[in-house]
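Dear colleague,

My notes on it follow.

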Protein chains: 2
Amino acid sequence: MHWTDLVAEKKQRQVKSIPQDWLVSPPPDSTLDVTGFPETCGLLNAREIEMTNTSVDVLLERLASGEWTSVDVTTAFYKRAIVAQQLVNCLTEIFVDRALARAAELDDHLKKTGKVVGPLHGLPISLKDQICIKGLETTMGYVSWIGQYAEKNAVLVDILLECGAVPFVRTNIPQTLMWPESFNNVFGRTTNPYNRSLTSGGSSGGEGALIALQGSPVGVGSDIGGSIRIPAAFCGLYGLRPSYGRVPYSGARNSLEGQDSVLSVFGPMTSSIGGLKAFMKAVTNAKPWLKDPLAVRKKWDEDEYNLADHGSGKDLCFAIMWDDGVVVPHPPIRRSLEFAKAALEKAGHKVVDWKPIKHGELGDVTRDIWNAASAEDFMITASLTGEPIITTMELENADAVRAPFRPKKGGITAYQLWQVQRMRRDLRKEYLDHWEATASETGTGRPVDAIICPAAPFAAPPHGKNTYTNYTTVWNALDYPAAIFPVTTVDPNLDTKKPRHDFYDDFDEGIHEMYDPETFKNAPVCLQLVGRTLEEEAVVKMTEIVDAALASAK
Amino acid sequence: MHWTDLVAEKKQRQVKSIPQDWLVSPPPDSTLDVTGFPETCGLLNAREIEMTNTSVDVLLERLASGEWTSVDVTTAFYKRAIVAQQLVNCLTEIFVDRALARAAELDDHLKKTGKVVGPLHGLPISLKDQICIKGLETTMGYVSWIGQYAEKNAVLVDILLECGAVPFVRTNIPQTLMWPESFNNVFGRTTNPYNRSLTSGGSSGGEGALIALQGSPVGVGSDIGGSIRIPAAFCGLYGLRPSYGRVPYSGARNSLEGQDSVLSVFGPMTSSIGGLKAFMKAVTNAKPWLKDPLAVRKKWDEDEYNLADHGSGKDLCFAIMWDDGVVVPHPPIRRSLEFAKAALEKAGHKVVDWKPIKHGELGDVTRDIWNAASAEDFMITASLTGEPIITTMELENADAVRAPFRPKKGGITAYQLWQVQRMRRDLRKEYLDHWEATASETGTGRPVDAIICPAAPFAAPPHGKNTYTNYTTVWNALDYPAAIFPVTTVDPNLDTKKPRHDFYDDFDEGIHEMYDPETFKNAPVCLQLVGRTLEEEAVVKMTEIVDAALASAK
């Protein structure tokens with residue numbers, strides 16, 4: 001069968017998996033902002049709209065108390081997810097009956113025992129299209145993997161089930177996962193609900209778009225170079241990239257399998273900040289190291305969450321990184337950094353400047369490690385059915401742009417790989433020493449507590465234009481946990497284009513030229529908070545502190 | 001300069017670094033057991049003999065109270081180390097004045113402040129010849145690295161200094177580190193003090209021989225496939241191979257730099273069991289993750305040491321692995337396992353059999369990962385001065401034996417390496433599930449608490465005959481912490497050669513044929529206790545429990 005026939009058959013099955021009475025009449029493509037549509041389209045009743053607009057913390061309370069049933073909550077989110085699918089093409093696997101049956105079991109359990117199954121009882125959770133669910137396909141956007149049904153759940157799915165969650169939908173990604181946008185030959189392109197001419201980011205771009213439309217309260221993305229944080233930032237969400245091994249990865253599909261150096265990690269994406277802690281606490285307390293040999297033996301540490309290693313959260317010192325020394329961020333990003341600085345100072349925290357060192361090198365060695373054999377990895381999979389390897393994320397398949405995640409043609413030897421990995425290790429040591437040395441500048445007796453920096457030099461750009469990912473990738477290279485939080489949206493009145501005359505290089509100039517207030521209008525603007533390796537608890541708490549400071553200052 | 005001239009010059013400097021009045025008249029080479037010599041040679045006085053025979057716990061108490069000065073203790077161990085050097089050639093760098101100056105500073109500090117510098121105050125610690133000390137060479141047995149003086153301490157040295165320790169000597173290794181015996185072109189061969197016709201093991205063979213002669217109370221070895229545990233086992237010591245990143249490695253020299261998959265780790269070797277906890281607690285509580293980006297953020301956990309995850313240590317269930325399904329151990333090893341089983345049952349613990357799975361495969365993938373580029377790694381270093389790559393550890397440089405750590409000629413591609421690494425990851429998952437599944441057999445409600453198994457299929461073999469390391473290497477592949485503890489010595493009366501007729505294969509038969517009670521006479525016999533990843537605290541405690549049970553049963 002030709003690969004396009006395989007795709008047609010798969011797409012047909014996807015369409016059939018949508019309940020017919022959940023089909024709506026979406027606005028024309030020319031309607032760019034579709035964020036209001038789910039609540040006006042008529043599919044969701046008032047109670048369902050309320051449920052889908054409720055924060056994760058309150059959802060969990062009401063589900064645990066039985067005030068709301070999991071069947072009702074799951075139905076509400078499922079309907080909204082299916083609306084989202086019709087607006088921005090964010091879904092891959094759709095399995096309504098199965099999810100509702102699971103929800104009904106949980107409701108029964110609560111009714112009979114008076115007890116919740118676990119800390120995430122009844123909560124619908126969406127999953128990136130890597131996270132295998134027994135009996136479902138996990139194509140990961142590869143035509144070659146159509147028809148391969150998982151024999152086992154990924155470890156994370158088993159743990160989410162233990163925690164009482166309801167996995168209810170899977171979400172779109174780019175072919176190979178190694179793009180910061182989301183387009184593949186099986187499911188096509190996911191667009192940004194705030195402005196459909198813009199990308200929702202990637203590789204967890206389906207999650208980003210879905211959650212931005214409140215089609216899921218919490219989703220799981222993966223992040224090897226920014227794949228949770230970029231879509232979270234482009235879609236106005238909270239997102240956390242944990243350290244290696246904090247969330248179990250075993251049993252999921254992936255690209256670059258066997259690459260043991262710069263690892264992909266799973267983490268939460270959510271529209272309400274409480275979702276970060278709820279997810280991380282539940283998963284780490286489920287002892288994932290008993291199911292995944294690479295999971296770190298470390299339960300959720302409430303002392304660390306209460307900032308035991310950061311002066312109990314009094315008198316924090318944040319460092320703002322205004323630019324990374326490679327690409328200067330666009331005006332909306334600059335404005336959000338200035339706003340964050342003012343808000344934090346107003347809240348009584350100290351703010352200093354972060355001096356980035358060797359961010360270019362960190363990005364380069366990371367990509368060299370991925371690309372040591374990425375071309376072979378992709379080709380071997382794609383060639384099984386002859387589907388073409390995608391070379392651009394532009395709408396028209398015209399000239400390829402400078403694509404940060406695109407593989408080089410040839411691989412390298414193991415010895416060459418070791419030399420790059422060694423360079424990266426040395427850069428990690430240098431950066432650690434650099435951070436420790438800030439103790440002399442903070443006045444707290446501690447090094448900087450967290451870095452606040454852009455997630456990208458721009459808000460969500462037009463399709464095919466997300467060409468610079470180092471603002472996220474360097475933290476993968478360093479294995480620092482990093483959280484995304486929303487600050488504002490692009491406002492052409494406030495975010496005018498300012499002339500610049502000094503550029504780091506042509507690439508920096510090109511990014512500058514890309515900015516146009518009308519193009520980016522209405523795009524969310526988020527920032528990133530970066531902590532120390534295996535300090536997820538403190539990163540979540542400090543993100544909550546920053547979020548509260550921003551809310552107070554607004 | 002020819003490489004042999006470089007060696008001659010280096011050896012001359014080494015000889016000069018020994019105080020002339022510490023030279024003794026060692027027994028002739030035909031005297032095999034030299035363990036009694038240090039106390040009879042006349043160099044150490046009675047108090048120095050007492051000091052060097054004192055356990056680590058008591059040493060630390062007396063040093064902290066000022067009852068014994070660090071200068072006196074360090075002098076005593078230094079003298080005994082120099083005697084050891086003359087018996088078994090275990091040392092590389094010798095720096096008496098520097099170590100004694102450091103000891104004097106510590107004594108001054110205690111005198112003036114009444115306080116110890118840290119938990120290892122005044123304790124001499126020996127270091128494998130990888131662990132850089134500022135101003136000293138770290139040749140690691142490579143002629144090419146003669147004359148390269150370290151500009152900085154390794155992170156572990158800085159941390160040991162913070163803890164109050166006195167690094168006082170460095171110890172011998174094999175060329176490339178990737179041999180389980182200890183011979184190189186710079187410093188020559190280290191022999192086993194219990195029987196100098198036998199190997200002291202490797203790669204931390206200098207440590208093993210030194211500590212066996214009580215020339216150091218605690219030493220630091222490294223272990224990528226057994227390099228702490230093999231010499232600890234061959235020399236009758238305690239030794240711990242911690243999980244990846246528990247003890248800082250940054251700033252040390254190493255082989256296979258940039259190999260990010262099966263990592264080498266540092267850990268303690270000691271003649272007294274208290275040395276394991278004293279070292280691990282001090283180092284992990286010094287927060288090594290603030291100095292080493294690969295160090296795990298995990299302080300010493302006293303709850304885990306008290307076996308919080310193992311029923312508080314009541315009603316433990318150990319599993320004995322009698323053989324690994326590849327090579328059947330020699331009679332003395334079998335006898336020690338039987339003795340351990342009886343002792344543990346007598347102490348009220350449950351003992352079941354461990355069923356090994358895929359130990360052959362685990363060893364194979366591990367070696368394939370190392371050998372992906374080991375030949376290039378070694379050749380590039382050796383070729384700088386033209387020193388030959390060593391191809392056998394036999395006394396006569398005759399036929400090469402089957403050498404488990406010897407590199408293959410050609411390297412592989414990064415893609416091929418990823419495929420092997422992927423196989424290894426899958427084996428780790430399979431083994432984890434296998435261990436978890438034992439919960440149904442223990443009767444404790446928990447999976448097996450620890451595995452007890454051989455450290456090698458034999459006691460210390462003759463030079464060049466240590467040809468099978470899987471009894472240790474599989475735990476590196478799985479990243480399980482593992483401790484060595486002494487049980488007995490080879491006794492030709494008890495350990496007679498028994499006929500065998502069924503062999504796994506020719507290799508197994510060859511190992512069987514190697515056994516001869518007289519050859520191995522007096523060699524120490526140790527066993528290995530294996531726990532779960534990042535469970536160093538519990539492994540140390542369970543080793544103490546087993547050690548106490550053995551002592552009661554003797």
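I begin with A:Arg13, which is partly exposed, its relative accessible area being 29%. Please bear in mind throughout that this is a predicted model.

The side chain of A:Arg13 forms a salt bridge with that of A:Glu137, with an N to O distance of 2.7 Å. This pair links distant parts of the chain, for A:Arg13 belongs to helix H1 of chain A and A:Glu137 to the loop between S2 and H7 of chain A, 124 residues apart. A:Glu137 has a relative accessibility of 2% and therefore counts as buried.

A:Glu137 also meets A:Lys10 in a salt bridge between side chains, at 2.8 Å from N to O. Because A:Lys10 is in helix H1 and A:Glu137 is in the loop between strand S2 (124–128) and helix H7 (155–162) of chain A, the pair ties together parts that are 127 residues apart in sequence. With 3% relative accessibility, A:Lys10 counts as buried.

Over all chains, the structure holds 72 salt bridges. One network of salt bridges links A:Arg246, A:Lys298, A:Glu304, A:Asp309, A:Glu535, A:Glu536 and A:Glu537 with B:Arg297.

**The interface of chains A and B**

Contact between the two chains involves 47 residues of chain A and 47 residues of chain B. Together the chains bury about 3,900 Å², of which 56% is on carbon and sulfur atoms. On the side of chain A, the residues that lose the most area to chain B are A:Arg297, A:Tyr415 and A:Trp418, which together account for 22% of what that side buries.

Eight salt bridges are counted between chain A and chain B. In the one between B:Arg425 and A:Glu257, the closest N and O atoms are 2.5 Å apart.

Helices H13 (359–370), H14 (374–382) and H15 (414–436) of chain A each supply at least two residues of the side that touches chain B. The largest share, 14 residues, comes from H15(A). By class, this side of chain A has 19 nonpolar, nine polar and 19 charged residues.

Strand S13 (residues 450–454) of chain A is largely enclosed by the rest of the structure, because five of its five residues are buried. Strand S11 (residues 317–320) runs parallel to S13(A), and three bridges join them; A:Ala319 stands opposite A:Ile451. Strand S15 (residues 524–530) runs antiparallel to S13(A), with four bridges between them; A:Cys453 stands opposite A:Gln528.

In strand S3 (residues 166–171) of chain A lies A:Thr171, which has 0% relative accessibility and so counts as buried. The side chain of A:Thr171 makes a polar contact of 2.9 Å with the side chain of A:Glu207. Not counting residues up to four places away in sequence, A:Thr171 touches, among others, A:Cys90, A:Ser126, A:Asp129 and A:Leu210.

With kind regards

Note on methods:
Residues numbered from 1 in each chain as written. Chains lettered and ligands numbered in written order. Predicted model: local features only at pLDDT ≥ 70, side-chain atom pairs only at ≥ 80, totals over all residues. Heavy atoms only, no water. Contact = heavy atoms within 4.5 Å. Buried area = accessible area lost by both parts, 1.4 Å probe. Salt bridge = Lys/Arg side-chain N within 4 Å of Asp/Glu carboxyl O. Nonpolar A, V, L, I, M, F, W, Y, C, P; charged D, E, K, R; others polar. Buried < 20%, exposed > 50% of the residue type's maximum accessible area, 1.4 Å probe, protein only. Pairing = 2+ DSSP bridges. Polar contact = N/O pair within 3.5 Å; in protein donor to acceptor, adjacent residues only side chain to side chain.
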